[in-house]
Amino acid sequence: MSKGEKKSLGLITGDEVQYHDGSAIIIPRGMTYDRAFEILEHMYRSQETIEELEPEIFPFRPNDVAVAVARVVQRRYGLSFGLGQRSLFAEEPPSFKSVPVSLTERVEVATGRIALPTLDNAEIRVGETLHPQYGLVGAVNCEMKRKDRSHVRELLKDIQEELRTNSIYKGKALRIVGNKAEPEFMDVDRFPTWDDIVYKAEARAALEGSVLIPLRKHERMAREGVPFRRSTLLAGPYGTGKTSFGQLAAREAVNCGVTAIFSDAGADINVLFQTARLYQPALVFIEDIDVYTSSGEDEKVSKFLDIFDGVHAKTAEVMVIMTTNHVERIHRGLLRPGRVDAVIEIDHLDRHGVEKLIRQTVGNALADDVDFDAIYEAMDAYTPAFIADAIKRAKVHAIGRSADDEEIKLTTEDLIGAAAQLRGQHNLMRRATEGQRKPSFERALSDVVAGAAAKAVNGAALRKGGGTDGPQIATVVIQNGEEVAV
Ligand SMILES: Nc1ncnc2c1ncn2[C@@H]1O[C@H](COP(=O)(O)OP(=O)(O)OP(=O)(O)O)[C@@H](O)[C@H]1O
Ligand SMILES: [Mg+2]
């Protein structure tokens with residue numbers, strides 16, 4: 001609307017009138033000037049009344065919606081300005097927050113009312129609401145004169161389109177932290193590629209078939225009606241490349257427009273799957289799945305399985321990768337077909353794999369006459385993590401031996417020597433137990449109560465130990481000057 005028009009009363013746009021193409025004013029026979037004037041004035045007044053639209057709920061996280069609103073308002077009007085929050089007695093100054101939109105960039109968004117520059121008395125507010133299926137999502141409230149309703153509806157459509165095509169989260173690598181609804185960004189450029197990791201040929205083929213091909217072909221699969229949703233469990237010892245594969249798959253996912261979502265230790269599994277549904281197609285990576293299903297508490301396990309089954313709903317385009325070092329601790333319920341579609345063993349490398357990993361990692365810096373049989377023997381029973389570490393040490397050794405301008409060449413002896421250095425640590429690790437499981441908070445609390453009871457009965461002292469982080473409280477009762485575990 002131009003400036004000139006804005007000063008006039010505005011066009012008649014309501015449904016209450018009928019238009020015709022001539023220039024004559026047509027009114028019902030018998031109507032008086034007074035009555036016609038009254039009706040037109042009434043229409044004019046009603047177009048000028050301010051009304052509020054039903055809140056528009058967007059199935060996107062609140063920060064995503066706030067950024068889309070800021071971008072659309074900026075694009076449509078060239079500028080946007082925040083208004084203060086109205087309270088009963090005063091108007092507070094406008095407030096803004098800075099929202100991360102990638103690993104390195106942030107966008108300032110207004111947290112209160114936003115004025116729409118070309119519309120008189122129109123404003124929008126971005127808020128959040130609890131969606132039954134997705135948890136916290138963004139909602140937009142709009143207030144404007146009735147005559148500007150359609151303009152504001154267009155604006156809402158633009159916001160919807162902006163979210164559809166330019167969401168800050170969709171197709172990105174994300175991490176869920178605790179039970180926070182807003183995910184954090186992860187740097188896929190630092191994730192490994194096939195130049196960095198090596199698996200046994202069978203394992204690699206299984207990973208390609210179960211995870212990577214469906215990721216690459218997800219659009220084709222959707223067209224052919226093949227479900228994308230599937231779960232793969234990676235099982236194997238420490239340091240064999242399970243986490244590395246999750247990262248490699250995330251890289252692949254992001255390249256193919258699939259959102260990759262990792263769960264940090266302690267991440268809320270519900271928020272994790274809700275976020276995956278919001279930003280599907282999505283790849284979800286859950287480490288140490290046994291921790292979720294081996295608590296022995298039936299209620300917790302069945303709640304987990306319920307949440308897990310939720311992503312198997314027909315419309316869900318969510319692929320799940322889980323890892324475990326202890327396949328025997330996983331609840332049977334999780335392993336039944338329909339919940340886990342493939343279990344892939346990620347294990348030690350064979351002779352061919354060890355050679356491949358060394359050649360791949362060392363490249364040109366490898367001597368020509370390396371004896372891989374001898375090296376394989378020296379690295380007997382080493383997991384890939386140990387082999388990778390031995391290669392690094394061998395490199396350090398070779399660098400130490402070479403002049404600054406001399407090219408380094410890793411020899412059989414460098415690699416065997418480095419492998420030998422790690423043997424002690426390897427033996428220790430093999431003998432080491434799993435360590436003490438962190439007691440849950442309830443368990444720690446009941447320990448304290450038990451300790452207090454013992455104190456009351458035996459007159460013994462009670463003290464806390466085990467560091468400063470709460471749940472690791474260890475309770476010790478001292479009787480006759482000696483510590484007795486509760
Ligand atoms: N298959 C592999 N190929 C190449 N390097 C590997 C492989 N597996 C492990 N590594 C090396 O070991 C490091 C740790 O690997 P990763 O975290 O992927 O193991 P993991 O199987 O997840 O171990 P954990 O069971 O302890 O979580 C990697 O950063 C990499 O340097
Ligand atoms: Mg791991």
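Residues are numbered from 1 along each chain as its sequence is written, while chains are lettered from A and ligands numbered from 1 in the order in which they are written. In this predicted model, local features need pLDDT of at least 70 and side-chain atom pairs count only at pLDDT 80 or more, whereas totals for chains, interfaces and linings use all residues.

**Exercise 1. The chain as a whole**

Find how many helices and strands the protein chain has, and what share of its residues is buried.

Step 1. Helices (H or I, at least four residues) and strands (E, at least two) are DSSP runs, numbered from the N terminus. The protein chain has 16 helices and 18 strands.

Step 2. A residue is buried if 20 or more other C-beta atoms lie within 10 Å of its own, exposed if 12 or fewer, and partly exposed in between, with C-beta atoms placed from the backbone. Of the 486 residues, 29% count as buried.

**Exercise 2. Into the core**

Which residues have the most contacts inside the largest nonpolar core, and which helix gives the most to this core?

Step 1. A nonpolar core is a set of buried Ala, Val, Leu, Ile, Met, Phe, Trp, Tyr and Cys residues joined through C-beta atoms within 7 Å. The largest one has 99 residues, and Val69, Leu283 and Val284 have the most contacts inside it. Helix 3 (residues 62-77) gives the most to this core, with eight residues.

Step 2. Now look around Val69. Two residues are in contact if their C-beta atoms, placed from the backbone, lie within 7 Å. Not counting residues up to four places away in sequence, Val69 touches Ile124, Val126, Val140 and Ile159.

Step 3. Follow Val140, which sits in strand 8 (residues 135-145). Val140 is buried because 23 other C-beta atoms lie within 10 Å. Leaving aside neighbours within four places in sequence, its contacts include Pro55, Glu56, Val65 and Leu156. Val140 and Ile124 are 16 residues apart in sequence, and their C-alpha atoms are 6.7 Å apart in space.

**Exercise 3. A residue in strand 12**

Is Ala260 buried or exposed, and which residues does Ala260 touch?

Step 1. Find Ala260 in strand 12 (residues 259-263). Ala260 has 29 C-beta neighbours inside 10 Å, so it counts as buried.

Step 2. Beyond residues up to four places away in sequence, Ala260 touches Ala173, Leu174, Ala250, Ala253, Val254 and Leu283.

Step 3. Compare sequence with space: Ala260 and Arg175 are 85 residues apart in sequence and 8.3 Å apart from C-alpha to C-alpha.

**Exercise 4. Two helix pairs**

Describe how helix 3 packs with helix 4, and how helix 12 packs with helix 14.

Step 1. Two packed helices are described by the angle between their axes and the distance between the axes. Axes are lines fitted to C-alpha atoms, for helices over the stretch in contact, and angles run from 0 to 180 degrees between N-to-C directions.

Step 2. The axes of helix 3 and helix 4 (residues 149-166) come within 9 Å and cross at roughly 120 degrees. Helix 3 and helix 4 are therefore oblique to each other; angles under 35 degrees count as roughly parallel, over 145 as roughly antiparallel, 65 to 115 as roughly perpendicular and the rest as oblique. Among the residues making the contact are Val65, Val69 and Arg76 of helix 3 and Leu155, Ile159 and Glu162 of helix 4.

Step 3. Helix 12 (residues 351-362) and helix 14 (residues 384-401) pack at about 40 degrees, with their axes 11 Å apart. This pair is therefore oblique as well. Val354, Leu357, Ile358, Thr361 and Val362 of helix 12 meet Pro384, Ile387, Ala388 and Ile391 of helix 14.
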